[in-house]
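Please look over the sequence and the structure shown below before reading on.

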Amino acid sequence: SDHAAFEAKAALVAHLRAAGHEVLDVGTDGPASVDYPDFGAKGARAVADGRGERGVFLCGSGIGICIAANKVRGIRAAQVYDESSAEMSRRHNDANVACLGARTMPVARLLALVDLFLATPFEGGRHAGRVQKLADLDAAG
């Protein structure tokens, strides 16, 4: 997370650990202003290199950190803002990073959407070829 989501990140980390998830926190360590691209890239690299299976990234809107994460090869970051985006980003797009806005929703809703994102499997099937095309675009640069 960046500074705008520092408090929401603390709640999310506690929630995920209580649910049995291992958490690698690479976000800012305080509320002082920082630049979201730095943390989006740092988190995305952790997912891309296998240190994390999936990522949950937070900033004020969820938009900037999502753009930053998608600049890292191997990342399929999706902005998650409701139940449908949380579910379909996994089911159809095999998103490996969820990006949420700490200033756009209450923390309880953010936690519920993250739970849904993490619980939803990739459907595969006809969607696998489309995800492969995304990987091909990524590899081509």
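## Packing of α1 against α5

The axes of α1 and α5 come within 10 Å of each other and cross at roughly 45 degrees, where an axis is a line fitted to C-alpha atoms, for helices over the stretch in contact, and angles run from 0 to 180 degrees between N-to-C directions. That angle makes α1 oblique to α5, given that angles under 35 degrees count as roughly parallel, over 145 as roughly antiparallel, 65 to 115 as roughly perpendicular and the rest as oblique. The crossing of these two helices, α1 and α5, is right-handed; a crossing has this name if the near helix is turned clockwise from the far one by less than a right angle, and is left-handed if anticlockwise. The model is predicted, so local features need pLDDT of at least 70 and side-chain atom pairs count only at pLDDT 80 or more, while totals for chains, interfaces and linings use all residues. Residues are numbered from 1 along each chain as its sequence is written, and side-chain values use heavy atoms, with hydrogens and water left out.

On the α1 side the contact (heavy atoms within 4.5 Å) is made by Ala8, Ala11, Leu12, His15 and Leu16, and on the α5 side by Val107, Leu110, Leu111, Val114, Asp115 and Leu118. These residues divide into nine nonpolar, one polar and one charged, where Ala, Val, Leu, Ile, Met, Phe, Trp, Tyr, Cys and Pro count as nonpolar, Asp, Glu, Lys and Arg as charged, and the others, Gly among them, as polar. Helices (H or I, at least four residues) and strands (E, at least two) are DSSP runs, numbered from the N terminus.

## Packing of α4 against α5

Helix α4 (residues 83–91) packs with helix α5 (residues 107–119) at an angle of about 25 degrees, and their axes are 8 Å apart. The two helices α4 and α5 are therefore roughly parallel to each other, and α4 passes α5 in a right-handed crossing. Here α4 contributes Glu83, Ala86, Glu87, Ser89 and Arg90 to the contact, whereas α5 contributes Arg109, Leu113, Leu116 and Phe117. By type, the residues of this contact of α4 with α5 divide into four nonpolar, one polar and four charged.

## The nonpolar cores

The largest nonpolar core has 18 residues, and those with the most contacts inside it are Leu12, Leu58, Val80, Leu100 and Leu110; such a core is a set of buried Ala, Val, Leu, Ile, Met, Phe, Trp, Tyr and Cys residues joined through side-chain atoms within 4.5 Å. Buried means under 20% relative accessible area, exposed means over 50%, and partly exposed lies in between (1.4 Å probe, protein chains only). At least two residues of this core come from each of α1 (6–18), β3 (97–101) and α5, and α5 gives the most, with five residues. A second, separate core of 12 residues includes Ile65, Cys66, Val72 and Cys99.

Which residues does Leu110 touch, not counting residues up to four places away in sequence? Leu110 touches Ala8, Leu12, Leu58, Leu100, Gly101, Ala102 and Met105.

## Individual residues

Phe6 is found in helix α1, and at 22% relative accessibility Phe6 counts as partly exposed. Leaving aside neighbours within four places in sequence, Phe6 is in contact with Ser1, Thr28, Asp29, Gly30 and Pro31.

Arg103, in the loop between β3 and α5, is exposed, with a relative accessible area of 63%. Not counting residues up to four places away in sequence, Arg103 touches Ala4, Cys59 and Gly60. Arg126 lies in helix α6 (residues 126–140) and counts as exposed at 57% relative accessibility. Asp94 lies in the loop between α4 and β3, and phi of Asp94 is near 50 degrees, a positive value in a residue other than glycine.
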